[in-house]
Amino acid sequence: MSFAATHDLCAFLDAQHDRQVAFLRELVRVPSDNPPGDCEPVARRAEALLQGLGLDVEAYGVPVETVRAHGMRSVVNLIVRHRFGPDGPVVALNAHGDVVPPGDGWRHDPYGGAVEADPLHGPVMYGRGVAVSKSDFATYTWALLALRDAQRRGAPYRGTVELHFTFDEEAGGELGPRWLLDQGYSRPDYAISAGFGYAVTSAHNGCLHLEIAVQGRQAHAAMPHTGADALEAATSVLQALYAFRAELAQRHSATPGIGSPTLTVGLIEGGINTNVVPDRVVCRLDRRMIPEEAGHDAEGELRAIVQAAIAGHPGCRASVRRVMLAQPLAQLPGADRLIAPLRRHAAAVMGTDIPVQGVPLYTDARHYTHSGIPTVLYGAGPRTLLEAGGHNVNENLRLEDLRKATKVVALTLEDLLS
């Protein structure tokens, strides 16, 4: 790649920056909270904006019964394909447009896309989804537009770039990338998923949600021996789970940024009244799995712990139901073809060393790797989710990071397609 080519791509993106920011603001202004997961309106707005940029958009509505089975109301996935030339790789760029509900305590309207000047970082946009991950709708769209402009000026690219814009990541991603891949609508050679600009993410944790229901037998509190106390039995189950949590803390991932597997009991409910022996207690737990646990039967391990604990309580029984399973993301062979140019260009554009690391979250990127597609996460944003206020009040994006990350992705695509 020549200096002139690099200069032309970056000059195009600098000239287009205001349009890119306006595009992002329009997406932020369309609420897409999940739950409840009524995401067709934001998809249709994105479709119209993309068409306004001269891009051909394929819209794929997920059947209503499938959507409702996953606890949502509406999902329409979007694919933009631009074929630059014969042969060459197909590179997919994926970001999600559903968001967690905003909550209270915002300084700005969470759906306003307000821009505020920061003395250290320049203009900053505030709004739900502005960092996670409507920002990368804008990043990936303008990276594609920059290459399209270069092609019109004679750049000899080959291969295809696809934009995969999906809308159910906050509910597990089963109706987004996985659905598109399972339906055969796309089969890329590589994928880049939404991320932050100061690191390349090559691995992330998996997540298992289980519901544990302990069933006993109610009785008058004056005669507790005539019943079977579900809460007492559930307490034994919880003690066993917390003991196991301490064991998990001794396992460590070799991937920087991941740490150890975790277990959290996040919900518990049960009982009938103060003067009644509890007949039923239900709790839900979250078990995070490190990349090394890919394929490990974490659910079977937990089921065995629950059944061993309940065995000491005659008259009580426990059932375990899987609520959600997201397998970990592990680096596949071939991912270095993405990592090397992303790191090289990001170091030059961001002016700092760019590490390759893991994150303790789980994302849509796993659906690509589970289909055998080398995948990493890279996009617009600061060094950490905490800095961006992701899933928190005052979620924000430094607009200079948007500009820089777009240049990195565009230059990386140029390497891959040249």
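1. How much space lies in the largest cavity? The answer is about 40 Å³. The model is a predicted one, and it holds 1 cavity of 30 Å³ or more.

2. Which residues line the largest cavity? They are Ile 212, Val 214, Ala 234, Val 237, Leu 238, Ile 268, Val 281 and Cys 283. By class, the lining divides into 8 nonpolar residues, with no polar and no charged ones.

3. Three elements each supply at least two residues of that lining: strand S9 (206-215), helix H6 (230-248) and strand S11 (280-289). Helix H6 gives the most, with 3 residues.

4. The largest nonpolar core has 79 residues. Within this core, Phe 23, Leu 93, Tyr 140 and Tyr 378 touch the most other members.

5. Phe 23 deserves a look on screen. Leaving aside residues up to four places away in sequence, Phe 23 touches Leu 49, Leu 50, Leu 53, Phe 137, Ala 138, Thr 141 and Trp 142.

6. The count of aromatic pairs comes to 6. One of them joins Phe 23 and Trp 142: the ring centres are 5.2 Å apart and the planes stand at 70°, so the pair is edge-to-face, the cut-off for that class being over 60 degrees. Phe 23 belongs to helix H1 (residues 3-28) and Trp 142 to helix H4 (residues 135-152), and the pair links distant parts of the chain, 119 residues apart. Both Phe 23 and Trp 142 are buried.

7. How are the rings of Phe 137 and Phe 167 arranged, and why is the pair edge-to-face? Their centres lie 5.8 Å apart and their planes are at 70°, so the pair is placed in that class. Phe 137 sits in helix H4, while Phe 167 sits in the loop between strand S6 (159-166) and helix H5 (177-182). Phe 137 and Phe 167 are both buried. Phe 137 is also among the residues that Phe 23 touches.

8. A last item on aromatic residues: Tyr 60, Trp 179 and Tyr 185 form one aromatic cluster.

Technical notes:
Residues numbered from 1 in each chain as written. Predicted model: local features only at pLDDT ≥ 70, side-chain atom pairs only at ≥ 80, totals over all residues. Heavy atoms only, no water. Core = buried A, V, L, I, M, F, W, Y, C linked by side-chain atoms within 4.5 Å. Buried < 20%, exposed > 50% of the residue type's maximum accessible area, 1.4 Å probe, protein only. Contact = heavy atoms within 4.5 Å. 1 Å grid on protein atoms, 1.4 Å probe; cavity = no way out; pocket = protein on both sides within 12 Å on 5 of 7 lines; lining within 4 Å. Points joined across faces, edges and corners; volume = space filled by probe spheres on them. Helix = DSSP H or I, 4+ residues; strand = E, 2+ residues; numbered from the N terminus. Nonpolar A, V, L, I, M, F, W, Y, C, P; charged D, E, K, R; others polar. Phe/Tyr/Trp six-rings, centres within 6.5 Å; stacked < 30°, edge-to-face > 60°.
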